[in-house]
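Hi,

Here is the structure I promised to pass on. Have a look, and my notes on its packing follow below.

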Amino acid sequence: MLVPIFTLKLNHKINPRMVAVGTFDGVHPCLTAATQAGKKVFIHNPHVRGQKAAAHRLTQSSQDSDVCLLNINQTVSCLAAGVLGPNSVGDTLVVGSQTNLLAYDVHDNADIFYKEVADGANAVVLGKLGDIPAPLAIIGGNCSLQGFDYEGSDHLWTVTGDNVRSLVLCDFTGDGKNELLVGSEDFDIRVFREDELVSEMTENETVTSLCHMYGSRFGYALANGTVGVYDRSARYWRIKSKNHAMSIHAFDLDADGVVELITGWSNGKIDARSERTGEVIFKDNLLSSVAGVVEGDYRLDGQQQLICTSVDGEVRGYLPASKELKGNLMDSAAEQDLIRELSQRKRNLLLELRNYEDNAKSASDTGGMGVIPANTQLQTALAVRAAGPAQKAHVELSICTPNETIIRAVLIFAEGIFEGESHVVHPSTHSLSGCVRVPIVPPKDIPVDLHIKAFVGGKSSTQFHVFEITRQLPRFSMYEFTAETAAAPPSGWVTFGISERPQRVVVMWLNQNFLLPEGVDSPEVTFTSLRGGGLLSISMAVAGQVTVRTDDVDLAGDLVQSLASFLAIEDLSAEADFPGYFEELQTTLTEVDEFHSVHQKLNAAMADHSNYIRNMLVQAEDARLMDDLRSMKKRYRELYHLNRDLINEYRIRSNNHGALLACLRSVNQAIQRAGRLGKPKNQVICCCRDAIKSNNISALLRVMRAGTASS
């Protein structure tokens with residue numbers, strides 16, 4: 001059995017997902033984490049005992065002689081340690097908050113840079129990206145990505161679909177250069193080559209953690225307790241737990257030359273899973289929820305240890321397996337669990353065999369009653385159903401048999417549609433028939449595989465045959481085909497050319513992605529959205545000019561990307577106009593300017609009040625030393641009132657900052673949407689950023705309409 005080689009108990013509680021190991025002096029690895037109490041980061045260095053920290057940000061902990069505390073003065077939202085400076089001896093500590101980013105030299109106890117980041121920092125990673133020569137500290141915030149070098153210069157800025165929750169650098173494309181993998185709250189894992197989006201994978205929950213394993217393979221964790229492994233854009237395996245995955249890390253724990261996926265869970269469990277199959281090869285338990293899983297040569301013996309920390313400050317270190325345990329880390333208790341599992345499986349198989357024998361005997365005794373016909377099969381159909389008096393709009397899945405058999409129960413497994421990812425239908429006894437209809441409401445426009453299992457048998461059967469079938473739900477299934485409509489067409493549109501492409505190719509794409517009635521063989525179609533009721537029309541001119549009309553800019557982007565992917569077109573020259581959306585964006589940009597102006601005024605007022613407080617404190621202390629108690633009380637009363645005013649100003653400032661973040665998020669998402677409308681995305685984003693920097697709203701809208709700032 002693999003046991004910890006060291007165990008520590010630190011007197012500091014640790015924030016989940018904010019743990020790192022850094023070699024800040026180039027020699028000694030230090031465990032670094034954000035503390036739950038106060039706005040501080042602790043640095044545990046057991047190798048240089050008794051060394052007193054200087055002043056500035058870094059101070060000695062009064063609770064642990066091995067711990068120094070780094071004062072951040074803001075609530076820490078993320079941290080990382082790694083090489084940032086080109087000629088630096090040790091690692092740099094990077095700490096992010098919702099308003100600032102600090103790069104700190106722990107060894108010299110000095111700030112490297114301190115930057116204000118308007119979009120906040122939810123996740124941070126250090127390393128080289130693409131062809132950028134210098135290592136970067138890359139932060140993901142409010143729908144945006146930024147990368148800073150050692151001097152604090154901004155070398156990377158782009159937008160992503162939603163708030164960023166996780167980042168990792170990985171050679172995704174196999175070209176020898178790192179790409180940036182971004183997990184966000186809109187359930188997507190996006191891959192960026194510098195500021196170019198090269199791939200997207202859609203999951204069914206917020207992507208909370210990512211880790212690089214080797215090559216193009218990486219692990220991921222979701223907010224619903226799912227962990228798994230991808231190789232490029234293909235998912236290898238995944239498992240789902242009722243607990244939450246707090247941290248994942250790649251480490252070769254069984255010493256077989258291939259890393260395992262190490263997961264720390266909210267119930268304190270730690271497990272190591274094979275990167276090939278997801279099978280558990282090792283597990284242990286901490287006394288409280290896991291805060292982070294990292295690695296480092298913490299004993300300075302030349303071997304990397306797997307270091308697991310809990311939120312209560314418990315730390316355990318594990319060495320890779322010895323030769324005796326190589327490839328076999330499970331202890332006798334785990335072997336007993338495996339034996340029990342195999343015994344249960346054996347009992348289930350014997351029961352199944354007995355059921356088959358009983359069914360065969362019953363069939364022979366009753367002349368074949370209860371045995372279903374040999375031609376029995378499941379037939380499935382999908383249809384769009386609009387909202388009615390007693391039902392919501394939905395997609396109806398019909399599951400039928402072609403003869404007199406009945407369907408006793410149906411189990412449907414589908415990611416992201418049903419709560420718990422599965423749905424069971426048990427028709428009542430008096431309504432048993434050979435057809436079952438299941439309403440399905442996809443929350444997003446993504447293709448979903450429906451894995452269907454149905455219990456089929458005769459009306460008097462007590463035992464049933466299990467039929468399995470898989471049916472794909474098209475991406476845009478929540479749009480009902482409309483033959484004629486008197487409603488006004490949508491005011492928003494995007495148009496692009498696909499020259500030398502026959503209309504039948506677009507019809508093929510329509511049939512693959514929509515639920516069309518039979519006989520539709522023209523690219524001139526109109527749909528009604530079952531979610532919002534808005535109209536969507538798609539048309540194609542003889543010259544190959546495709547026009548999409550909708551007031552939903554997200555839907556327009558999804559349609560353009562889907563058609564471009566189907567036709568294998570990388571860049572589309574497109575023009576777009578969404579008057580209602582652009583008007584809202586113009587209002588938002590005006591609000592951003594107003595919030596920035598208020599922010600600057602509040603900062604100036606707080607600075608003036610701070611100077612006033614300093615002078616008043618000096619006067620109060622002077623009065624106390626001169627035994628002028630009347631003047632001293634007067635000054636302290638004034639200080640009390642001024643402090644109350646400062647607290648109220650802080651609340652106003654906090655509310656203003658929250659509103660500013662919401663507006664900036666809307667702006668970043670607008671830029672992201674513009675990049676999805678078919679034009680070269682990098683060009684659009686760069687032009688949009690230049691327009692925002694110069695506060696040129698008209699140029700920004702021109703870029704979104706035509707892909708360029710030139711009129």
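**Core and aromatic packing**

Ile 538 is in contact (heavy atoms within 4.5 Å) with Trp 509, Leu 510, Phe 514, Pro 523, Glu 524, Val 525, Phe 527, Val 546, Thr 547 and Val 548, leaving aside residues up to four places away in sequence. Please note that this is a predicted model, where local features need pLDDT of at least 70 and side-chain atom pairs count only at pLDDT 80 or more, while totals for chains, interfaces and linings use all residues. Numbering runs from 1 along each chain as its sequence is written, and side-chain values use heavy atoms, without hydrogens and water.

Ile 538, Phe 496 and Phe 514 touch the most other members of the largest nonpolar core, which has 56 residues. Such a core is a set of buried Ala, Val, Leu, Ile, Met, Phe, Trp, Tyr and Cys residues joined through side-chain atoms within 4.5 Å; buried means under 20% relative accessible area (1.4 Å probe, protein chains only).

Phe 514 also belongs to an aromatic cluster with Phe 476, Tyr 479, Phe 481, Trp 509 and Phe 527. Both Tyr 479 and Phe 514 are buried.

In total there are 14 aromatic pairs (ring centres of Phe, Tyr or the six-membered ring of Trp within 6.5 Å; planes under 30 degrees apart are stacked, over 60 edge-to-face, the rest tilted). Phe 218 and Tyr 230 make a stacked one, with 5.5 Å between centres and 10° between planes. Phe 218 has 0% relative accessibility, and Tyr 230 is buried too, at 4%.

Best wishes

Terms used
Buried means under 20% relative accessible area, exposed over 50%, partly exposed in between (1.4 Å probe, protein chains only).
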